[in-house]
Amino acid sequence: MRIIDLPNEELAPLYREQKIHRQLGTTFEFETAPRIVVNDYLAISGWYLYRNHKQDDYTGAFTIPAAVTGFSDITINAATLDLETAQTEHRLGGGISFSNLYSFEKGKAKVPFEVQYLHWQTVKGAGGNQPKFFTDQVQLRLYARIFGK
C-alpha cells in the first residue's frame, strides 16, 4: 500500500508504496426488518441497521533514502493508515409491497408476483471514512414451480 501522512492525502509518490502488515478491525452488525401485513395484497415494512467497525491496525516503518526522494531521507510509518478507519453507522428505511399471491391461490390471477419499493439511508454515522448512503430499490419477484403442478 502507499503510506500517506494524512487521511485526506490523495496523491502519494511511488516510493511510498511498501509491503505492510494489516489487521482489520472487528465489525459488528445488527439488522431488523419488521413487516406489517395490511391486507391480502399490501404490506408495509421497516428496516434498521446498526454497524460498528473497530479501528484497523497497520504496521511497518520504512526509511526512504534521499537518492529516492530527491531531497532528504524520510521515515514513513504505516500506522498513519489507521487514522479514521473506525466507523459507526445507523441506517433507517422502509417500504411498501403489493402481492397477488392471494388472488393467484383463488384462481383470479394467472401469474403470481410481488412488487416492492424500499428506501433506506444513513441517518447517523461517525468515522472519517463513513459514507452517507441513500438507496432506493424496486424489486419484482415472480413465482414459478420448477417441478410438478
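User: What makes strand 6 and strand 7 a pair, and in which sense do they run?

Analyst: Two strands pair if DSSP finds at least two bridges between them. Strand 6 and strand 7 share 4 bridges, in the antiparallel sense. That meets the definition, so they pair. The model is predicted: local features need pLDDT of at least 70, side-chain atom pairs need 80 or more, and totals for chains, interfaces and linings use all residues. Residues are numbered from 1 along each chain as its sequence is written, and side-chain values use heavy atoms, with hydrogens and water left out.

User: Which residue of strand 7 stands opposite T63?

Analyst: T75 does. Strands here are DSSP runs of E, at least two residues long, and helices are runs of H or I, at least four long; both are numbered from the N terminus.

User: Which residues of strand 7 form its covered face, and which its uncovered one?

Analyst: I74 and I76 make up the covered face. T75 and N77 make up the uncovered one. In a regular strand the side chains alternate between the two faces of the sheet.

User: What makes the largest nonpolar core a core, and which residues belong to it?

Analyst: The term takes buried Ala, Val, Leu, Ile, Met, Phe, Trp, Tyr and Cys residues, joined through side-chain atoms within 4.5 Å. Buried means under 20% relative accessible area; exposed means over 50%, and partly exposed lies in between (1.4 Å probe, protein chains only). The largest set has 11 members: I3, I4, A12, Y15, Y58, F62, I64, I74, I76, A78 and L81. Strand 6 (61-64) and strand 7 (74-77) each supply at least two of its residues.

User: Which residues does A78 contact beyond its sequence neighbours?

Analyst: Contact means heavy atoms within 4.5 Å. With neighbours within four places left aside, A78 meets I3, I20, Y58, T59 and G60.

User: Why is R51 with E29 called a salt bridge?

Analyst: The rule asks for a side-chain nitrogen of Lys or Arg within 4 Å of a carboxyl oxygen of Asp or Glu. The closest N and O atoms of R51 and E29 are 3.4 Å apart, so the pair qualifies. R51 is in strand 4 (residues 42-53) and E29 in strand 2 (residues 27-32), so the bridge ties parts 22 residues apart in sequence. E29 has 48% relative accessibility, so it counts as partly exposed.

User: How far apart are the closest N and O atoms of R91 and E89, and are the two residues buried or exposed?

Analyst: The distance is 2.6 Å, and they form a salt bridge. Both residues are buried. By this rule the count for the model comes to 5.

User: Why is T85 called buried?

Analyst: Its relative accessible area is 9%, so it falls under the 20% limit. T85 lies in the loop between strand 7 and strand 8 (87-99). Not counting residues up to four places away, T85 touches H53, K54, Q55, D56 and N129.

User: How many aromatic pairs does a search of the whole structure find?

Analyst: There are 5. One of them joins Y41 and F98, at 6.1 Å centre to centre with 15 degrees between the planes.

User: Why is Y41 with F98 called stacked, but F98 with F113 tilted?

Analyst: Rings of Phe, Tyr and Trp (its six-membered ring) pair with centres within 6.5 Å; planes under 30 degrees apart are stacked, over 60 edge-to-face, and the rest tilted. Y41 and F98 have 15 degrees between planes, so they are stacked. Y41 lies in the loop between strand 3 and strand 4 and F98 in strand 8, so this pair ties parts 57 residues apart in sequence. F98 and F113 are also 6.1 Å centre to centre, but at 50 degrees, so they are tilted. That pair links F98 in strand 8 to F113 in strand 9, 15 residues apart. Ring pairs join Y41, F98, Y102 and F113 into a cluster.
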